[in-house]
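Trainee: Hi, could you walk me through this one? I have the sequence and the structure open.
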Amino acid sequence: MIAFILRRLVQSVAVMLAVGLVAFMLFRYVGDPVNNMVGQDTSLADRARLRQALGLDDPTAVQFGHFLARALEGDFGVSYQYARPVREIIAERLPATLELSVAAVVLALAGGLPMGVYTGLRRDGFLSRLFMAVSLIGVSLPTFLTGILLIVVFSVILGWLPSFGRGEVVALGWWTTGLLTVSGLKSLILPAITLALFQMTLIMRLVRAEMLEVLRTDYIKFARARGLPNRIVHFGHALKNTLVPVITITGLQLGAVIAFAIITETVFQWPGMGFLIVQAIGFADIPVMAAYLMLVAFFFVVINLVVDLLYYAVDPRLRIERSAASGHGP
Amino acid sequence: MAPDEAAPGALRRLADSDLFWSFRRSPVTVVAAVVTVLLLLGAALAPVLAPHDPYDLASLDLLQARDPPAWEAGGDWSFPLGTDDQGRDVLSSILYGLRLSLLVGVSAVLLALALGVGLGLLAGYAGGWIDTLIMRIADVQLSFPAILVALLVDGVARSLLPHDRQDQTAVYVVVLAIASSIWVQFARTVRGSTLVERAKEYVQAARIIGVHPAAIAWRHVLPNAMGPVLVIATINLAIAILTEASLSFLGLGLPVTQPSLGTLIRIGDNYIFSGEWRWMLLYPAIALASLTLAVNLLGDWLRDAFNPKLR
Amino acid sequence: MPEPLLAVEHLSVEIPTRRGVLAAIDDVSFAIEPGEVLGVVGESGAGKSITGAAIIGLLDPPSRIAGGRIVFAGRRIDDLSDAAMRPLRGKEIGAIFQDPLTSLNPLYTVGRQLVETIRVHLGLDRSAARRRALALLQDVGIPAPEQRIDHYPHQFSGGMRQRIVIALALAANPRLVIADEPTTALDVSIQAQIIALLKRLTREHGTAVMLVTHDMGVIAETADRVAVMYAGRIVEIGPVRAVVKEPRHPYTVGLMGAIPALGLRRERLPQIDGAMPPLSAIPSGCAFHPRCPKVFARCRGERPELLPVGSGAAACWLHAEALGKRP
C-alpha cells in the first residue's frame, strides 16, 4: 500500500517537472521576454542590464532551476497584458472558476447518476429512450452552442436569467463568492448547467453501460437464482459493482470540466481562469499562459492521484497482500 | 461445382453484410447518413451553390450589412438568409463555412493519423527507450482533455508567428493544433497491433531474411491495424470538427476573413440582444448542430457495429 | 403413484435471431421424483443448460418458452411472472452454476452474501443468520469458518469457492437444485470432492438434483437416472446402470463407446462421425439420422417420440420396429 502511494507520488512529481519544463520553455523561448516588457525606445544597454537582472544570461539549467523555485512560491512574473503580477490576477479569478466547476460537477452527478441507473434498469422503457436521445444531443452539441442556446431562451426570449457576468459577489478574505447573493446565484445557473450538460450525459451513458454490463454477470444471475428480491439485486449488488469504474471516470471528468470551463466562461463572460487564458492566448501573454499550464497540470495530477487512491480503497481485489497470506486448500 | 459461379461482387457482399443490416435497421442512423451526405454535398459544391463569394472583400457593401432574411421586411432575395455585420451573405458564409469546418476536421484527422500511426509503428517496432519515451508522452497527454492541448499548441504557434501573417496561417495552425491533440489514440492502437504482429513467426522470418523493417511494417503490420484505426478516425472526426468550432468561437481559430461555422457563431453572438441574432446566429448554429449530431450518430453506429460484445 | 416433484411436459424454448427463430429445445419431457438425482448429459449446445434456466425462470432474453408446461409440486410455474417466481427461487428451487469465481460478487465478503440470503428466506436477525452461515460453512467443509467468513471470494481457491456456492444454493433448503456443470471449471482432483459433497448434502436433506454435465463419469457416480440430450431433444432416458450398460439409442451407444476404460484393448477410441448440427440447421425427422450407423428410411422423415424400451425410453425408430409399431 505504501509502495503504491510512493510510486504514484514519484510519478506525479515527474509529470509536474515535465510540464514545468514545457512552461519554462514557453516562458523563455517564445518571443523575447525583455522585448515584451519594455517600450520601443529603451536603449540596448538598458535591455542588456534588464537581461542580466532577470537572469536571462545564465545557463539554461540554472534558469530552469530558478523558474521552478519561483513557481513553487507562486511567482510567475508579471502579465504582459495587465502589467500586474500574474499571481494576483490568478487569485482574483480562481474563486469564480472553482465555484462554477464545483456547481457543474454537483449538477452533473446529481443528474447523471440517477438517470444512468434508471436507464440501465429499465432499458427499453419510453423514458429511457427519451433520456438516451436527449443525452446524445447533449454529447454532440459543442458546449458553446448549448450555452448560447440557453442564453437565447432564458435571457433573450424569457428574460428570466442574466446572460453574462457573475452578479454581485461577497468578499470572504481573499475569496470572493457569488453564492451569498441572489444575483450571484441567478448568474450561476445558466453557466453551471451549460458546463454540467456534457458531463451529465457522459456520466449517464457510462453508468447505464456499466449497469447493463453488470446485470449480465454470473453473480447477478446467481443472486437472482437465490431468490434475492430485485431491490437487493439491483441496488445492493449491481449498483455497487457499477460504481467502481464510475468513480474513476468521474474523477477524470473533473479535469475535463476545467477544460470546458474555458468555453463556458467565454460564452457567459464569467470572470474566471478560463476567460483569462483565452484573452491571454489572444494577446500572447506568456507569463499567464505558463502559469495556467502549471496550475492546470497540478490540478490534474492531484485529481488522478486521488482517484487512484479511491479506487484502491473501494475494490478489495486490489489489496493483493492480504490474499497472498490466505486462500489455500481445496 | 459450377465453374461459372463467380464469387459475389463487393457491393453485393456489402449489401448482405451484418454492417449494412444493422445500418438499415436503425432509422436514426439512416437519417444521420442522409443529413451527412447532404451537408457534404453542400460543402463540396459551395462554389456552385453559393449566391455570393464571402471571401471577396471587394464585393462587400456595408450598406447591405445586417439585412434580414428574404422573407422579412427589408430583406432581399439576392441574400436569401440575410447578411452579417460586414454585408456578407449568410447563406454563402454558411456553405463556405461548412466547407472549411469539414476541410479542417478531415485534414486534422489525417495529420493525426499519419503522425499517430507513424509513431505507433516506431514505438512498437523499435521497442526499448524509444517505445517508453513515446508512450510516456502519450500517457501524460491522454490525461489532459484534447481541447487544452489544442489550445496550448494554438497559443504557442500564434506567439511564434508574426502578427500580420496570422490570418493567412490560421488554417494551418488550427489543423496542427487539433492534430496534436488527437494523435495519441492512433499511436496507442497501432503500437498494440505492432507488438502483436511483431511476435508472429512470419515477421520474424522476414527479419531473418533481411527484409527492411520499414517494408515489414508497411506491408504486414499496417494492414492488420487498419480496422480499429478507421473506427478511431471516424470518432475523432466529430471531435476534430467540434474542437475547431470551439477554437473559432473563442476567437483563436479561423479568422473573420475566412470564417468557419464557429467563427460565424461568434460574430452572431454579438448581436444577441438586437433582433439580428435570428439569422446571423441561428442559421450557422443549426448548420453546425446538424453536422456534429449527424457525424456523432454515424460514429456511434459504427462503434456499435464493430463492437463484438454487442453482437 | 406419488406425484413427481418436477414434471416437464413437451417444453420448447425458442431464440428469435435475425436469421429466423431457432429451437433451442424442442418438445422435451421428463420428470424428477422427490430426492432423486437426474443427470442430464450431452454435448455443448445440446440444450441442457437452457432446460435448467427455463425451469428456474432465468432464461436470458430474447430466449423464451414457446410451448409445453413445467409443473413443480403440482403447481404450474412456466407461466408465472418474475415477481411470482421469486419466492420459489432459492427456497424451493435452487441453482448452481459452472464458474464459482464469477458466481460470487467480488466486492462483498462471503459472510455478507450468505447472511443476506439466509435473512431473505428464513427471516432471522443478523446474529442468528451469522451463526447459521457459520454452520453452513462448516457443513460444506470450509476450514476455520469464523475467520474465513469475512474474507472476499478472491481469497479462496476454486474448490472452496464452489463449496461456498453450494452453501449459498442450499441455504434455504430447496426441494430441487439445478446444478449446471458444477465441476467443469475445477481441477480434476477437486471435482471428486465437490461431487461427493453435493451427494452427501442432497441425500441428507432429501433434495432432488438435476445434474447437468457433459461428463458421463460424474453421472455414473452420482445420478439415479440419466437423460441424454441431443440437438435440443431427449434421445434416451432411464436408470443410470441401464443406460450405461445397455444404451438403446445409437447416439448413446456412441457416447458410451467413446469413453476410455481400463482393461479394454483398443488402438483408437471409436468416435461418432460428423458433429452435432447447429441450431439453425437441424435435420428433419430424427436429428441424429445423418450420423447414425443404423439409419433407415423412416428416420429421415419422421421425428421419433420417446418410446419405452427396457427400463427406460429411447427416441429411436429401431425400437418401434421391435415393438411392431410399423406404420
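Trainee: Let's start with chain A. What share of its contacts with a separation of 6 or more is between residues 24 or more positions apart?
Mentor: In chain A, 71% of those contacts join residues 24 or more positions apart. Two residues are in contact if their C-beta atoms, placed from the backbone, lie within 7 Å. Keep in mind that this is a predicted model: local features need pLDDT of at least 70 and side-chain atom pairs count only at pLDDT 80 or more, while totals for chains, interfaces and linings use all residues. Residues are numbered from 1 along each chain as its sequence is written, and chains are lettered from A and ligands numbered from 1 in the order in which they are written.

Trainee: Thanks! How many helices and strands does chain A have?
Mentor: Chain A has 13 helices and two strands. Helices (H or I, at least four residues) and strands (E, at least two) are DSSP runs, numbered from the N terminus. The C-alpha trace of chain A spans about 85 × 65 × 35 Å along its principal axes.

Trainee: And how much of chain A is buried?
Mentor: Of the 330 residues in chain A, 39% are buried. A residue is buried if 20 or more other C-beta atoms lie within 10 Å of its own, exposed if 12 or fewer, and partly exposed in between, with C-beta atoms placed from the backbone.

Trainee: Can we check a helix? What span should helix 4 of chain A have?
Mentor: Helix 4 of chain A covers residues 60-73, and at 1.5 Å a residue its 14 residues should span 20 Å. The expected span is 1.5 Å times one less than the number of residues. The end C-alpha atoms of this helix are 20 Å apart, which agrees. After helix 4 of chain A comes A:Gly74, with a positive phi near 90°.

Trainee: Where does a non-glycine residue have a positive phi of about 50°?
Mentor: That is C:His10, which sits in strand 1 of chain C. C:His10 counts as exposed because it has 11 C-beta neighbours inside 10 Å. Another non-glycine with a positive phi is C:Asn173, at about 55°. C:Asn173 lies in the loop between helix 7 and strand 7 (176-180) of chain C, and with 14 C-beta neighbours inside 10 Å it counts as partly exposed.

Trainee: Why mention those two?
Mentor: Most residues other than glycine have a negative phi.

Trainee: OK, sheets next. Which sheet of chain C has four strands?
Mentor: It is an open sheet with the order 2-1-4-5 and antiparallel pairing. Two strands pair if DSSP finds at least two bridges between them. Strand 2 (20-32) and strand 5 (75-76) of chain C are the edge strands, each pairing on one side only. Strand 1 (residues 6-17) and strand 4 (residues 64-72) of chain C are antiparallel partners over seven bridges, and C:Val8 stands opposite C:Ile70 in strand 4.

Trainee: And what about the sheet of eight strands?
Mentor: That one, also in chain C, is open with the order 6-7-8-3-9-10-12-11 and mixed pairing. Strand 6 (93-96) and strand 11 (307-309) of chain C each have a single partner strand, so one side of each is left without a neighbour in the sheet. Inside the order, strand 3 (residues 37-41) and strand 8 (residues 208-213) of chain C run parallel, joined by five bridges. C:Leu38 stands opposite C:Met210 there.

Trainee: Changing topic: how do chains A and B meet?
Mentor: The contact takes 32 residues from chain B and 31 residues from chain A. Helix 7 (146-160) of chain B gives the most to the chain B side, with 10 residues. That side divides into 22 nonpolar, seven polar and three charged residues. Ala, Val, Leu, Ile, Met, Phe, Trp, Tyr, Cys and Pro count as nonpolar, Asp, Glu, Lys and Arg as charged, and the others, Gly among them, as polar.

Trainee: Last one: is B:Ser248 buried or exposed?
Mentor: B:Ser248 is buried, because 29 other C-beta atoms lie within 10 Å. B:Ser248 belongs to helix 10 (residues 213-249) of chain B. Leaving aside neighbours within four places in sequence, its contacts include B:Gly253, B:Leu254 and B:Arg266.
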